[in-house]
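Please inspect the sequence and the structure before working through the solutions.

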Amino acid sequence: MFDLWKRLIALLNTYKAYDPAAKSRWEIALLYPGPKALIMHRLAHLLYKAELFFVARLVAEISRWLTGIEVHPGANLGRRLVIDHGFGVVIGETAVVGDDCIIFHGVTLGGIKFDPVKRHPTVGNKVMIGAGAKVLGPITIGDGAMIGANAVVVKDVPAGATVVGPVGQVKA
């Protein structure tokens with residue numbers, strides 16, 4: 001229980017450090033959609049791992065109604081993830097997101113197949129994904145990469161690279 005409390009405080013502190021407009025952890029916990037979606041996702045993910053699929057999806061659906069952020073309960077999300085202005089964020093079932101990442105509104109971590117296989121992206125640590133970006137398929141985004149706003153990414157991105165443009169071109 002103490003570890004869960006420490007994780008929650010760490011998440012709220014991350015948001016506070018990230019957003020100069022945030023006045024308190026209470027404000028972030030109660031009024032920011034990202035932390036609410038992440039907290040509810042943790043519960044849904046535990047239920048999903050326990051194979052309580054219907055209940056997990058119900059928790060995820062309630063979270064989506066409350067926050068406008070859709071995260072499948074099967075997705076694996078790292079620590080201190082910031083979902084900023086998260087309305088319209090969609091994270092698919094087999095997606096993996098590393099620690100200390102920032103995802104802006106309108107981002108999709110989606111699949112390109114309907115097969116029951118790994119079909120969503122794996123995102124490394126300290127990755128920033130700009131507003132409206134679409135990261136699609138079983139690709140890997142390396143640690144420290146930056147995905148520009150509205151980029152469409154369908155190929156692996158090396159660590160530290162920046163991807164910009166509607167066709168997702170890697171810039172050195």
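Two exercises on this predicted model follow, each with a worked solution.

**Exercise 1.** Determine the volume of the largest pocket and describe the residues that line the pocket.

*Solution.* 
Step 1. The space in the largest pocket amounts to about 750 Å³.
Step 2. Its lining consists of 24 residues, and those nearest the pocket centre are Leu 4, Arg 7, Leu 8, Ile 39 and Arg 42.
Step 3. Assign the lining to secondary structure: at least two residues come from each of α1 (2–18), α3 (33–49) and β2 (76–77). Of the contributors, α3 gives the most, with 9 residues.
Step 4. Sort the lining by class: 13 residues are nonpolar, 4 are polar and 7 are charged.

**Exercise 2.** For the second largest pocket, state the volume, identify the lining residues and find which element gives the most to the lining.

*Solution.* 
Step 1. A volume of about 150 Å³ is computed for the second largest pocket.
Step 2. The lining includes Arg 57, Ala 60, Glu 61 and Arg 64, together with Glu 70, Val 71, His 72 and Pro 73; Val 90, Ile 91, Gly 92 and Glu 93 also belong to the lining.
Step 3. Two or more lining residues are supplied by each of α4 (53–67), β1 (70–71) and β4 (90–91). The greatest share is that of α4, with 4 residues.

Technical notes. Residues are numbered from 1 along each chain as its sequence is written. This is a predicted model: local features need pLDDT of at least 70, side-chain atom pairs count only at pLDDT 80 or more; totals for chains, interfaces and linings use all residues. Side-chain values use heavy atoms; hydrogens and water are left out. On a 1 Å grid over the protein atoms alone, a cavity is a set of points where a 1.4 Å probe fits but cannot get out, and a pocket is an open set with protein on both sides within 12 Å along at least five of seven lines; lining residues have an atom within 4 Å of a point. Grid points are joined across faces, edges and corners, and a volume is the space filled by probe spheres set on the points. Ala, Val, Leu, Ile, Met, Phe, Trp, Tyr, Cys and Pro count as nonpolar, Asp, Glu, Lys and Arg as charged, and the others, Gly among them, as polar.
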